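Subject: Structure handover and notes

Dear colleague,

I am passing on the structure below, followed by my notes on what was found in it. Please read them alongside the coordinates.

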Amino acid sequence: MNIYGSVSESYQAFEYISQAGAFTDTERMLTKHVGALSMRGVSMLIARKHQIQKPREELLAAAKEWVDTAVGDKEFHGGGKADLADLAVFGVVKAIEGLE
């Protein structure tokens, strides 16, 4: 949800998706415009459903809480090496890296 915090962020995310995929020019245009607007709408519905007021701040707070409680002084959640929980969090962080 965090990458669709505004219409411009939605377009930024779908610009990447449309360029990274193997789309025709028409598919690229439809993916970018319809996808960006649709996902912005979906993100607004999810935020309303879960009573999320500030998605970015709440995501960062949840990530900090996870690091503080689940990881603590360890290198990874899994201890000396990453486990599936570490991989899941990495996936979320990597997906939003470089976006506004």
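How many residues apart in helix α2 are Asp25 and Arg28, and about how many helical turns is that? Asp25 and Arg28 are three residues apart in that helix, so about one helical turn separates them; helices here are DSSP runs of H or I with at least four residues, numbered from the N terminus.

Before the rest, some conventions. This is a predicted model, in which local features need pLDDT of at least 70 and side-chain atom pairs count only at pLDDT 80 or more, while totals for chains, interfaces and linings use all residues. Residues are numbered from 1 along each chain as its sequence is written, and side-chain values use heavy atoms, with hydrogens and water left out.

Salt bridges

The structure holds three salt bridges, each defined as a side-chain nitrogen of Lys or Arg within 4 Å of a carboxyl oxygen of Asp or Glu. In the pair already mentioned, the closest N and O atoms of Asp25 and Arg28 are 3.4 Å apart, and Asp25 is exposed, with a relative accessible area of 64% (exposed means over 50%, buried under 20% and partly exposed in between, with a 1.4 Å probe and protein chains only).

Glu15 and Lys32 form another salt bridge, at 2.7 Å from N to O. This pair links distant parts of the chain, since Glu15 lies in helix α1 (residues 7-20) and Lys32 in helix α2, 17 residues apart. Glu15 is partly exposed at 30% relative accessibility, and Lys32 is likewise partly exposed at 23%.

Asp68 and Lys64 also form a salt bridge, with their closest N and O atoms 2.7 Å apart; both residues belong to helix α3 (residues 55-71), four residues apart, or about one turn of the helix. Lys64 is exposed at 53% relative accessible area, whereas Asp68 is partly exposed at 45%.

Nonpolar residues

The largest nonpolar core has five residues, namely Ile3, Tyr4, Ala13, Phe14 and Ala36; such a core is a set of buried Ala, Val, Leu, Ile, Met, Phe, Trp, Tyr and Cys residues joined through side-chain atoms within 4.5 Å. Leaving aside residues up to four places away in sequence, Ala36 touches Ser10, Tyr11, Phe14 and Thr31, where contact means heavy atoms within 4.5 Å.

Val34, in helix α2 (residues 25-49), is partly exposed, with a relative accessible area of 48%.

With best regards

Key:
Helix = DSSP H or I, 4+ residues; strand = E, 2+ residues; numbered from the N terminus.
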